[in-house]
Amino acid sequence: MPAGESFYITTPIYYPSDVPHIGHGYTTVAVDTLARWHRQSGDDTWMLTGTDEHGQKMLRAAAANNVTPQEWVDKLVSEAWFPLLKTLDVANDDFIRTTQERHEERVKRFVQAIYDRGYIYAGEYEALYCVGCEEFKPESEILDGTGPFEGLKVCAIHSKPLELLQEKNYFFKLSEFQDRLLELYKTQPDFVRPDSARNEVVSFVSQGLKDLSISRSAFDWGIPLPWDESHVIYVWVDALLNYATAVGYGEDPSTGSGTQSEFERRWPAYHVVGKDILRFHAVIWPAMLMAAGLEVPKGVFAHGWLLVGGEKMSKSKLTGIAPTEITDVFGSDAYRFYFLSAIAFGQDGSFSWEDLSARYQAELANGFGNLASRTVAMVEKYFDGVVPTPGEYTEQDRAIQKTVADAVTRADAAMDVFRIDEAIHAIWTIVDELNGYITDNEPWALAKQADGGDEDKRARLGTVLYTCAEGLRALSVLLSPVMPQSTGTLWNALGAEDSLGALAAQPIREAGTWGILQPGATVSPLAPLFPRVEQTA
């Protein structure tokens, strides 16, 4: 995308009925990495995350803990969800909670607007409801129970019994938007990604849409309908609207200032979600926006599930792993790198401690970390800690320069289509080539010959170490959205902070320009970026 354009990206709004697990962390660091990349590319970037705090599931959890729903969500958000962002080094621009007044008032305005436009009506409804999903389940997601639930209907996702609900509700005329949605998917084929997700959505909508119940009257923990306060707005409608309310939808327009509103500046957004909530974001949400006369999102990207023991990460099935179980051992950068590089973004991926440990040692400690440590150490040893001036470049040196330039181009293209894994793999070619370059050029041997008075060898040594240091400069910039801690440490060790300024201010799409690191910069001692850790069971 051209530099300077608006890039508004969101995580799904999380349902904080329990503490976050590594699946939540996976989505969050993916969105944070994309936001950091675009922010550092000069795009007008805004990252939103937050919590969805209404609904029957939350009401029951609060009652089970003998507190009010507000007290319960306040405790969960402050003790678990805010700390998650710090644990994983997430640089979000906003955190919205659906119990905030700014959200609740704007939701009422949106729902009133589509009611006034004739897209909402009253009716009776009876269907099987999953409290865990906060959703009336379609036939395709209803299974016959087994074991203790034999004879009951259970949710295909949670494997827990469904509840038969019969209520007088208000309905959104979702069925009227089938043709418009199919036309959207046809004219904007990248609206839903990856292709497997798009195909699923097109197939689902092609089978016909039913009108959507958008209110509940059996409980009161939610946002009241503005025209009938005996009903609260269905939690998913409430939740989806966060993406618009957070950037100012429904604010009173400025009078005569002529300035662009925050909503006009930011909207529409890109949404990154787990594939289990794809239909809400790729079907219901754009239909709601169409009904209100607003632009649909720029796109919806559905990533796969994290699997543990062959099953989707789930607290209810006791397969949930807290992010701190990983970061306390390996650090936040390793967490971010592992999940974003080891799993093809958009597909399911399996987590194991053995794979994490192996990749940490091979790719981070022995690959990137060792490259950084020995380059800085050799500049300290052979040039008194001063980055040398390169001499005449050889074909081998120019091959490294081309590797760096190509990696920038390929990584940027991959990030544009949300393939973070492919971007990292492109960047990692620099790590691999530089490690091979050091092995081939043997700077320790050049130093020994230079000490014997061979000035040509000393000049060659300077070129080799400058090439390594400049390659690390590019790596620091390119990997900073993925691993902000270690790249920041390396940036300072290269003396780049003093000569080039803050790492976060470096234009990422210009990282492949050769010769940015200034000869004469002073390096400083560098402790291992990825220290040795014991094998985790």
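This is a predicted model: local features need pLDDT of at least 70, side-chain atom pairs count only at pLDDT 80 or more; totals for chains, interfaces and linings use all residues.

Tutor: The lining of the largest cavity draws on Gly55 and Gln56, then Tyr129 and Glu134, then Arg216, Phe219 and Trp221, and finally the run Val232, Ile233, Tyr234 and Val235. Sorted by class, this lining comprises seven nonpolar, two polar and two charged residues.

The helix contacts may be taken in turn. Helix H1 (residues 22-40) and helix H12 (residues 332-342) have axes that come within 10 Å and cross at roughly 90°. Angles of 65 to 115 degrees count as roughly perpendicular, and H1 and H12 are therefore roughly perpendicular to each other. On the H1 side, Ile22, Gly25, Tyr26, Val29, Ala30, Asp32, Thr33 and Arg36 take part, meeting Tyr335, Arg336, Phe339 and Leu340 of H12. Seven residues of this contact are nonpolar, two are polar and three are charged.

Helix H11 (residues 323-330) and helix H13 (residues 353-383) have axes that come within 12 Å, crossing at roughly 30°. Because of that angle, H11 is roughly parallel to H13. The crossing of H11 past H13 is right-handed. H11 contributes Glu325, Ile326 and Phe330 to the contact, while H13 contributes Trp353, Leu356, Ser357 and Tyr360. The class count for the contact of H11 with H13 is five nonpolar, one polar and one charged.

Methods:
Residues are numbered from 1 along each chain as its sequence is written. Side-chain values use heavy atoms; hydrogens and water are left out. Axes are lines fitted to C-alpha atoms, for helices over the stretch in contact, and angles run from 0 to 180 degrees between N-to-C directions. Helices (H or I, at least four residues) and strands (E, at least two) are DSSP runs, numbered from the N terminus. Angles under 35 degrees count as roughly parallel, over 145 as roughly antiparallel, 65 to 115 as roughly perpendicular and the rest as oblique. A crossing is left-handed if the near helix is turned anticlockwise from the far one by less than a right angle, and right-handed if clockwise. Contact means heavy atoms within 4.5 Å. Ala, Val, Leu, Ile, Met, Phe, Trp, Tyr, Cys and Pro count as nonpolar, Asp, Glu, Lys and Arg as charged, and the others, Gly among them, as polar. On a 1 Å grid over the protein atoms alone, a cavity is a set of points where a 1.4 Å probe fits but cannot get out, and a pocket is an open set with protein on both sides within 12 Å along at least five of seven lines; lining residues have an atom within 4 Å of a point.
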